[in-house]
Amino acid sequence: MSAAALELVRGCGGGAWLADVNMGRRIWDSIAGFENQQLLELLYDRVRAIAAPLSVSLRCDSNDTRRRASLRLEPLPDSSIRHWIYVEWSEARSPTAMLDPQRKRDARSLNCCTWCKRVELGLGEWREVEEAETSLGFNAESTLPRLKAAVCTTCKQGLLQTFPGAKVA
Ligand SMILES: [Zn+2]
């Protein structure tokens, strides 16, 4: 894997599955969140059905950088799927505590959308990490909730448009 890809993987927080670029099978073991597994399974089915590559966008932020990446799924003759990822854009930002892997976590947890990196503060209320931090009022000494891989309604609907007719519970 290239240095750039490794940097991307390190920056992905809950998206550790990107470490398995080109090793699609192992991706399953590291994706948390039932809905994400369902969505990826549907994407894989779609790619195999159309026998052509398919790309989806996702955010791949680290605590001090916003990144949008494209995940390209390419069907192979043996029915496995090769995963490619590349960064479409990135920009520096003030470091966020919520995505800092060094910060201590407590027993609380918050849903974090794997695809857009927004955090769910209340039921269906998805906010950018910076907004969520302000709203929750963390300081330098605060322990933070763990971030759980999830998928927000907006991303779920967007992904489902990639493969019309599919349904996710
Ligand atoms: Zn989302």
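In the hairpin of strands S2 and S3, where 5 residues lie between the strands, serine 79 takes a positive phi near 70°. The model is predicted, with local features requiring pLDDT of at least 70 and side-chain atom pairs counting only at pLDDT 80 or more, while totals for chains, interfaces and linings use all residues. Residues are numbered from 1 along each chain as its sequence is written. Strands (E, at least two residues) and helices (H or I, at least four) are DSSP runs numbered from the N terminus.

**Sheet**
- An open sheet is formed by 3 strands in the order S1-S2-S3, with antiparallel pairing, where two strands pair if DSSP finds at least two bridges between them.
- Strand S1 (54-59) and strand S3 (81-92) are the edge strands, each of which pairs on one side only.
- On average, and with direction ignored, neighbouring strands of this sheet are turned by 20° against each other, angles being taken from 0 to 180 degrees between N-to-C directions of axes, which are lines fitted to C-alpha atoms, for helices over the stretch in contact.

**Strand pairs**
- S1 and S2 pair in the antiparallel sense over 6 bridges and form a hairpin with 5 residues between them, and serine 57 has serine 70 in S2 as its bridge partner.
- Strand S2 (residues 65-75) is joined to S3 by 11 bridges, the two running antiparallel; alanine 69 stands opposite valine 87 in S3, and proline 75 stands opposite isoleucine 81 in S3.

**Helix on the sheet**
- Helix H3 (residues 34-50) lies across S1, S2 and S3 and runs at about 45° to S2, with contact defined as C-beta atoms, placed from the backbone, lying within 7 Å.

Methods:
Contact = placed C-beta atoms within 7 Å.
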